[in-house]
Amino acid sequence: MKSPFLLLLALQGGLLLVGGGGMLWLGLPLAREAGGAGFWALVLLLTLQGLEALFRRLFPASFREAEALHRDLALALRRSGARPPFLLALALAAALGEEVFFRGFLQSLLVAWLGSLGLLVQALLFALLHPAPLRAYAYPLYTALAGLLFGLAYLYTGSLVPGVLAHFLHNAKSFYGLWRER
């Protein structure tokens with residue numbers, strides 16, 4: 001595996017380590033009772049897919065720009081030798097790393113400090129980790145809303161499991177779809 005895959009995997013692993021360490025430092029459990037996690041993950045996943053379809057319809061040119069960036073990334077991953085099992089590993093690493101860091105650690109810290117405004121700040125910081133070309137202005141808004149949805153799921157359920165599952169399935173579907181494009 002060459003650099004694009006390893007760089008993305010290292011980034012997600014770093015988020016997982018910092019987020020997990022931060023959660024331990026704050027005394028937050030890394031795993032909680034996940035009753036109804038599958039149901040809430042499905043609700044979250046369907047909401048994300050609906051939001052993506054809405055944004056694709058409302059901002060078609062902007063979303064095409066973001067999709068072009070994602071296709072370039074998929075092409076770089078394919079050229080580096082990434083195959084579907086590695087893409088699944090990357091999707092899982094991204095889901096774990098981003099949910100543990102942004103929701104488990106950062107959101108918990110920000111909500112304790114800023115109250116409910118911390119949820120919004122976390123979502124905006126999440127969007128900053130997902131850059132897009134200037135012409136793809138709607139993509140950061142989409143990712144901020146996705147971060148808000150993941151954050152609300154964590155607040156509502158008290159568990160990272162629904163967000164991790166939905167995030168993983170959403171990323172896996174996207175990564176695999178882009179990888180298959182020729």
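Is phenylalanine 150 buried or exposed? Phenylalanine 150 counts as buried, because its relative accessibility is 3%; buried means under 20% relative accessible area, exposed over 50%, and partly exposed in between, using a 1.4 Å probe and protein chains only. Before going further, note that this is a predicted model, where local features need pLDDT of at least 70, side-chain atom pairs count only at pLDDT 80 or more, and totals for chains, interfaces and linings use all residues. Residues are numbered from 1 along each chain as its sequence is written, and side-chain values use heavy atoms, with hydrogens and water left out.

**Overall fold**

- The chain has seven helices and zero strands, with helices (H or I, at least four residues) and strands (E, at least two) taken as DSSP runs and numbered from the N terminus.
- Reading along the sequence gives the pattern α-α-α-α-α-α-α.
- The radius of gyration is 16 Å, which agrees with the value near 16 Å for a compact globule of 182 residues; the radius is taken over C-alpha atoms, and the globule rule is 2.2 Å times the number of residues to the power 0.38.
- Along the principal axes, the C-alpha trace spans about 45 × 35 × 30 Å.
- Of the contacts in the chain with a separation of 6 or more, 81% are between residues 24 or more positions apart, where contact means heavy atoms within 4.5 Å.

**Surface and charge**

- Buried residues make up 41% of the 182 in the chain.
- The chain exposes about 9,600 Å², and carbon and sulfur atoms supply 72% of that; the areas come from the Shrake-Rupley method with a 1.4 Å probe, and for residues only the protein chains shown count as cover.
- There are 14 positive and 8 negative charges, and their mean positions are 7 Å apart.
- For that charge count, Lys and Arg are positive, Asp and Glu are negative, and His and the chain ends are not counted; each charge is placed at NZ of Lys, CZ of Arg, CG of Asp or CD of Glu.

**The core and Phe150**

- The largest nonpolar core holds 29 residues, and Met23, Tyr142 and Phe150 touch the most other members; such a core is a set of buried Ala, Val, Leu, Ile, Met, Phe, Trp, Tyr and Cys residues joined through side-chain atoms within 4.5 Å.
- Two or more residues of this core come from each of helix 1 (3–26), helix 2 (37–58), helix 3 (60–79), helix 4 (84–114), helix 6 and helix 7 (161–180).
- Phenylalanine 150 sits in helix 6.
- Setting aside neighbours within four places in sequence, phenylalanine 150 is in contact with Leu44, Leu48, Glu99, Arg103, Phe126, Gly163, Ala166 and His167.
- Phenylalanine 150 and alanine 41 are 109 residues apart in sequence, and their C-alpha atoms are 9.6 Å apart in space.

**Leu165 in helix 7**

- Leucine 165 lies in helix 7 and is partly exposed, with a relative accessible area of 35%.
- Beyond neighbours within four places in sequence, leucine 165 is in contact with Ala37 and Ala41.
- Glycine 118 is 47 residues from leucine 165 in sequence, with 23 Å from C-alpha to C-alpha.

**Two exposed spots**

- Proline 131 is in the loop between helix 5 (117–128) and helix 6 (138–157), and it counts as exposed because its relative accessible area is 56%.
- Apart from neighbours within four places in sequence, proline 131 is in contact with Leu69 and Tyr139.
- Alanine 66 is 65 residues from proline 131 in sequence, and the pair is 9.0 Å apart, C-alpha to C-alpha.
- Alanine 112 is in helix 4 and is exposed, at 70% relative accessibility.
- Alanine 112 and leucine 17 are 95 residues apart in sequence and 21 Å apart in space, C-alpha to C-alpha.
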